[in-house]
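Please look through the model below with its sequence at hand, and keep the criteria behind each term in view while reading.

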Amino acid sequence: MENSSTVELAKARLNDWLSLGAIAPGDKLPSERELGELLNIKRMTLRQALLFLESESRIFRKDRRGWFAALPRFNYNPNSSTSFKQAAI
């Protein structure tokens, strides 16, 4: 039986893949079925881990397209000497 520690392990493993660049920002994650097989966990356990990472803005979901690694957040400092347009490039 899978429990919260299994969810924690799945979250940690997925987070490692994202942090180490195995899944680059903007890239599509493997399907839930494939991820479940890679992590050797049930799909509902995987979904809990995915939803947690989504709540932390590490990944996002597009309806009928799958899960994607989030792009880096853009932080603009209005006190900087760079214009917003230049900083956004």
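The paragraphs that follow go through helices, a hairpin and a pocket.

This is a predicted model, in which local features need pLDDT of at least 70 and side-chain atom pairs count only at pLDDT 80 or more, while totals for chains, interfaces and linings use all residues. Residues are numbered from 1 along each chain as its sequence is written, and side-chain values use heavy atoms, with hydrogens and water left out.

Helix α1 spans residues 4–19 and contains lysine 11. Lysine 11 has a relative accessible area of 10% and is therefore buried, where buried means under 20%, exposed over 50% and partly exposed in between, with a 1.4 Å probe and protein chains only. The side chain of lysine 11 makes a polar contact of 2.8 Å with the side chain of glutamate 8; such a contact is a pair of N or O atoms within 3.5 Å, of which, within protein, one must be able to donate a hydrogen and the other to accept it, and residues adjacent in sequence count only if both atoms are side-chain atoms. Leaving aside residues up to four places away in sequence, lysine 11 touches Ala49, Phe52 and Leu53, a contact being heavy atoms within 4.5 Å.

Glutamate 32 belongs to helix α2, residues 32–39, and counts as buried because its relative accessibility is 14%. Its side chain is joined to that of arginine 47 by a polar contact of 2.7 Å, and, not counting residues up to four places away in sequence, glutamate 32 touches Arg43, Leu46, Arg47, Leu50 and Trp67. In the loop between α2 and α3 (43–55) lies asparagine 40, which counts as exposed because its relative accessibility is 70%. Asparagine 40 and alanine 10 are 30 residues apart in sequence, and their C-alpha atoms are 9.2 Å apart in space.

The loop between α3 and β1 holds serine 57, which at 43% relative accessibility counts as partly exposed. Most residues other than glycine have a negative phi. Serine 57, however, has a positive phi near 60°.

Strands β1 (residues 59–62) and β2 (residues 66–69) pair in the antiparallel sense over 4 bridges, given that two strands pair if DSSP finds at least two bridges between them. Isoleucine 59 has alanine 69 of β2 as its bridge partner, and lysine 62 stands opposite glycine 66 in β2. This hairpin has 3 residues between the strands, and arginine 64 takes a positive phi near 65° there. Arginine 64 is exposed, with a relative accessible area of 89%.

What volume does the largest pocket have? The value is about 150 Å³, a volume being the space filled by probe spheres set on grid points that are joined across faces, edges and corners. A pocket is an open set of points on a 1 Å grid over the protein atoms alone where a 1.4 Å probe fits, with protein on both sides within 12 Å along at least five of seven lines, and lining residues have an atom within 4 Å of a point. Residues that line the largest pocket include Leu18, Ile23, Ser57, Ala69 and Pro72. Its lining divides into 8 nonpolar, 1 polar and 2 charged residues, with Ala, Val, Leu, Ile, Met, Phe, Trp, Tyr, Cys and Pro counted as nonpolar, Asp, Glu, Lys and Arg as charged, and the others, Gly among them, as polar.

Definitions and conventions:
Helices (H or I, at least four residues) and strands (E, at least two) are DSSP runs, numbered from the N terminus.
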